[in-house]
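User: Hello! I would like a close look at one part of this model, with the cut-offs spelled out as we go.

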Protein chains: 2
Amino acid sequence: MATQEDPGKFELKHLCPETLARRGTLHTRRGAIETPAFMPVGTQGTVKGMLPEQLKEVGAQIILGNTYHLYLRPGHERIARLGGLHRFMNWDRPILTDSGGFQVFSLGELRKIDEDGVRFQSHLDGSAHSLTPELSIAIQEALGSDIMMVFDECIPHPATREYIAASTARSTRWAARCKAARTDASAALFGIVQGGMEQDLRRQSAEALLDIGFDGYALGGLSVGESAETMYQVMDWTLPLLPQNRPRYVMGVGTPENLVEAVTRGADMFDCVMPTRNARNGVLFTSFGRVSIKQARYLEDSQPIDPECDCPVCRNYTRAYLRHLYQSNEILASVLNTTHNLYYYLQLMRRMRDAIATGGFMAFRDDFYRRRSSDGEV
Amino acid sequence: MATQEDPGKFELKHLCPETLARRGTLHTRRGAIETPAFMPVGTQGTVKGMLPEQLKEVGAQIILGNTYHLYLRPGHERIARLGGLHRFMNWDRPILTDSGGFQVFSLGELRKIDEDGVRFQSHLDGSAHSLTPELSIAIQEALGSDIMMVFDECIPHPATREYIAASTARSTRWAARCKAARTDASAALFGIVQGGMEQDLRRQSAEALLDIGFDGYALGGLSVGESAETMYQVMDWTLPLLPQNRPRYVMGVGTPENLVEAVTRGADMFDCVMPTRNARNGVLFTSFGRVSIKQARYLEDSQPIDPECDCPVCRNYTRAYLRHLYQSNEILASVLNTTHNLYYYLQLMRRMRDAIATGGFMAFRDDFYRRRSSDGEV
């Protein structure tokens, strides 16, 4: 692992002449990430059902690890003693860690916020814990994260303007504490813009974070139940406020359409459980829309999931077999479905990167939407 | 797939000078199997948690498919229309199919036997079915099995001598009906010696099957609750009755020790759910005995499962990580544990094959037992 003077260094390679889409390279101490990039989610030290070599085979450049889950089990200090998260899970490419905030705030009744941080009860055993900006950074550093995220509140939607303003201001103070708490200068630290669905609060948040100064900037608080139009509106307001020479990460987003729209608006990085969780529920992504593999119409269908897909699953297995595995509750159903869905997401990112680089992003968009309007089933 | 004049052709390559152990090659229409061989069990058209390429990586030469399960779901005729079981599950090496008898007889209250066959209710939906020797062969042929097994009763233990005698005589009549029902001469058909734990009934069964004539011979009705000594006694009585120039398959066996003892007594082929089912329950096989990975002593153990094992899991993962995956109920726990256990079983067979070929089988046996007496934990 190399040290790096400018963690989060972002090389802007191509700008789409017709949209805000960007093609770039994000440099981390564990290697470069070509952007726009999608990060598969590895909650508990594994992307569910996938071996590291399978993740590489489908094209994962970086994965996301969850601070909250790993803090509770097996414990960040234990992972540190075992050589860090990369060694623990046998993944040698970059890892971005979230701050734990999203999961802790999702605990509802089990958590209580004050200026210092959040007190909460473990979802595993009810034990009492407290998570602060300082502890979040300490955990992320113990895990050996290559890109750390500031500890913040992902504001629920809808929320009152008063709540959003107060929460966002507190998240800004926490962001400054996170930066001060950092001890490992070779790992990047990203700030997270909050501000709910309020344009001026998003602007205030972005400006305050820029004043503090981070290696990259994220949009948080999206995909929380708002409409797609509102999500795109917040992106339109916020992404142009962020510096061109820093990576922009839209957190927790989203559907294939969301990714195309976010890239159109200048976003570089994404994470979402959608491809992996849907896979385990038998919902598959294709060039023509989503497919629910459990349907009886696939009982004897000898076609691959997506005849236009060249992933290892579509090359070797029929819809009939995948339906059989799903109906039989077989482990291999999750493995194959996850492989296909991640390949779909990562291939979508590759196509967008290629399209931006060759000046054909608008043509790509048109083609993307034209195909999906025809035959999607779900 | 080649046609074959003598399906089940067995080339005897080496005989151990001190035991009855044999090193041979079994020729099937989908390729050769070096024996002694262990066959991973693929009940529902998949060896649970394993991709076909992973099975090959750990050294599987042949797998077992379950007639009962595939008949009920997705249906043998459907699999035939989809190109057969090999195509369905993307496995191009040989497949041996059981007859369905073992599962049907295991249904207890849900089944009824008469001379024609067995009437039973599906464990999936309670629907009524009837399985006969003729239907069993038709199913196995529809699946595209390379080695078919005769339909018989796996006699429970203990059973009265009268029950054993009557059941074995009926199984012999069913075996003749199976041979008569075969329409595909390029797939091998194996007879199954029954006779419970009675020496004379085992002899009668073996002689009757030899009179009918099969491509290979199996010992059924073992691993049904009898002691290891009784199991070995039945092998001692029965295996020497079988022809040297035909493969000998001991069904449903067993532990690593059982395999070593059966090979010592002249057996060539085995199947058992033990490595795969144990893997899913967190029980791992090692050169020093069994390990239950869920134990707290492995929480921070940075060693591989078995420091002497060179499988893909032991090369890349610690006991601490495998314990974490198991405790977290992660899919990857089953995948990695199954990979290791199958490698252990298949490596054990490779070592026995090498030892017999080089005249060192007794030294292998001694070493095998010496290592296990030291440190096995379960």
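What covers the buried residues of α13(A)? Please set that helix in the context of the interface as well.

Analyst: Happy to. This is a predicted model, in which local features need pLDDT of at least 70 and side-chain atom pairs count only at pLDDT 80 or more, while totals for chains, interfaces and linings use all residues. Residues are numbered from 1 along each chain as its sequence is written, chains are lettered from A and ligands numbered from 1 in the order in which they are written, and side-chain values use heavy atoms, with hydrogens and water left out.

The cover of α13(A) comes from both chains: it includes α12 (312-316) and α14 of chain A, along with α2 (67-72) and α4 (85-89) of chain B. Helices here are DSSP runs of H or I with at least four residues, strands are runs of E with at least two, and both are numbered from the N terminus. Of the 9 residues in α13(A), 7 are buried, meaning under 20% relative accessible area with a 1.4 Å probe and protein chains only; exposed is over 50%, and partly exposed lies in between. The buried ones are R319(A), A320(A), Y321(A), L322(A), R323(A), H324(A) and L325(A). Just past the helix, N329(A) has a positive phi of about 60°.

Now the interface. Contact means heavy atoms within 4.5 Å, and 40 residues of chain A are in contact with 40 of chain B. The two chains bury about 3400 Å² between them, 56% of it from carbon and sulfur atoms; this is the accessible area (1.4 Å probe) lost on putting the two parts together, summed over both. H324(A), together with E300(A) and I331(A), supplies 17% of the area that chain A buries against chain B, more than any other three residues.

There are 20 residue pairs in polar contact across this interface, both residues at pLDDT 80 or more. A polar contact is a pair of N or O atoms within 3.5 Å; within protein, one must be able to donate a hydrogen and the other to accept it, and sequence-adjacent residues count only if both atoms are side-chain atoms. Among the elements of chain A that each supply at least two residues to the side touching chain B are α13 (319-327) and α14 (331-357).

The interface also has 6 salt bridges, each a side-chain nitrogen of Lys or Arg within 4 Å of a carboxyl oxygen of Asp or Glu. One of them joins K48(A) and E330(B), at 2.6 Å from N to O.
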